[in-house]
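Hi,

Here is the structure I promised to pass on. Have a look at it first, and my notes on its salt bridges follow below.

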Amino acid sequence: MRESERPTFLTRRQILASGVAMAGAIPFLPTTRAAAAPETRAAKLRLTAGTRTLAVNGKPARVFGLIGPNGNPGITLSAGERFDVDLVNQAGTSTIIHWHGQLPPWRQDGFPWPQTPPIPTGETHSYDYAPIAGTYWMHSHQGMQEQSLMTAPLIVRSAEDVRADRQEVVLMLHDFSFRTPDELLAGLTKSNGSQSEMPKTGMDNAMNMGSEAMGAMNMGPGMAMDLNDIDYDAFLANDRTLADPEVVRTEPGGRVRLRLINAASSTQFWIDLGALSGTVVAVDGHPVRPVRGSRLPLAMAQRLDVLIDLPGNGAYPIFAQVEGKPARTGIVLAASGAPVSRLAAEAGENAPPVDLSLERRLEAAIPLAPRAPDLTHRVILAGAMAPYAWSLNGEYWPNITPLMIAHGQRVAIEMVNHSMMAHPMHLHGHAFQVVAINGAPLAGAVRDTVLVPPMGSVTIAFDADNPGRWAFHCHNLYHQITGMMTEVRYPAII
Ligand SMILES: [Cu+2]
């Protein structure tokens, strides 16, 4: 029997009785102390896993949360600061938090291996490692808590960020349902064929698309891409919908570094800068050669750092539109005093499927040293909507055969997608470089999550420099939970 992964809902009356305001996100901890400057801080940073109440579509929703030392979601570290954190579990259930994209020793990675079990409620677990700078995030790796918003930004500022003196704006995306994750999963896995309530649409969702993914969709009779397994109730940007978006007041000069994080469990977005254009300078925290753009695909778990110089003292919405749908969410960048007009919750047309159009243009600012792989693992990605199950090399987690690698090796993993869904594949504990798409070599981005399109292939390479047990999985939570996860393991782990 699966433990319910969602805190129980409060009724509107209970919310009112509790005195909780109905608008916006309510951190569950009072702000009792400000974060001290790192050089004077004696104690570890405190991160609390707990529950909180959001207002979504005018209704209260009880969700999880990760609240940092200053009362806001997540953690922002100063340049050079260690990740020296006490994680306090006040969630009322056991949890374990993964520092997505960071490269700690494997026992601090926040994955529920037998050697590193989840933290029981009421207990505290300590972490201490040297973080890598960039836009990262944290999320539960326990059950499906991630869908119930046990997620938060993890921002590690660099000395260069400090020198650049740009206004830093974090935009974190979620998909939200009033149904529990268990209910959502049951809707996908019920095997009696009555999946009609699910928006599994193939060509329906794929209308009006001009992207390269059209090629994959025209593969023959009966073969259509699948998008958006779940019919969500809302899409959130910094915990809010477009009906009541966050308005970030921009500083004079309007020089912004936008840190975009797709923390959604099963949704991919197109970032739409509207009238603005921006310069992508990092993906998944790792710098790339600058690329200009105004519509940018963002697969699940990926991040983008975009520099934007606002052209005037106006108000500029930053949209994130769901692939295959008109639905969108977002925030507004607005100069002090600039009026903010109401924004339509839907775009005029469906967004195309998220694709590799940006990925092909990316080049790592700091690529891997040239070297032929010592070892290449080939991994077949497979599965289907009915029955709903997803596999790697025909195996379903936890019944898997680890991919063995050895310290010092240059390792390549060729991921070949035999399914009609795209899979955002994430490797723990290592940053990899994208070195081929559909067999064509490229010197692509260094990152931690890459999308493997339907019937396509992507090859990644990395240096095996972090011995341990590491999860390697699709970051669509429903694919992962139904099997699409394996282990990359070094021998002789202690
Ligand atoms: Cu997947």
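The structure has 24 salt bridges, a salt bridge being a side-chain nitrogen of Lys or Arg within 4 Å of a carboxyl oxygen of Asp or Glu. Before the details, bear in mind that this is a predicted model, where local features need pLDDT of at least 70, side-chain atom pairs count only at pLDDT 80 or more, and totals for chains, interfaces and linings use all residues. Residues are numbered from 1 along each chain as its sequence is written, and side-chain values use heavy atoms, with hydrogens and water left out.

Start with Arg257 and Asp305, whose side chains form a salt bridge at 2.9 Å, N to O. Arg257 sits in strand β12 (residues 255-262) and Asp305 in strand β17 (residues 303-309), so the pair links distant parts of the chain, 48 residues apart. Strands here are DSSP runs (E, at least two residues), numbered from the N terminus.

Asp305 also has a salt bridge with Arg259, with the closest N and O atoms 3.3 Å apart. Because Asp305 lies in β17 and Arg259 in β12, this pair ties together parts 46 residues apart in sequence.

How buried are they? Arg257 has a relative accessible area of 16% and Asp305 one of 1%, and both count as buried (under 20% relative accessible area; exposed is over 50%, partly exposed in between; 1.4 Å probe, protein chains only). Arg259 is buried as well.

Elsewhere, Asp463 pairs with Arg371, the closest N and O atoms being 4.0 Å apart. Asp463 is partly exposed at 26%, and so is Arg371 at 41%.

Cheers

Key: Helix = DSSP H or I, 4+ residues; strand = E, 2+ residues; numbered from the N terminus.
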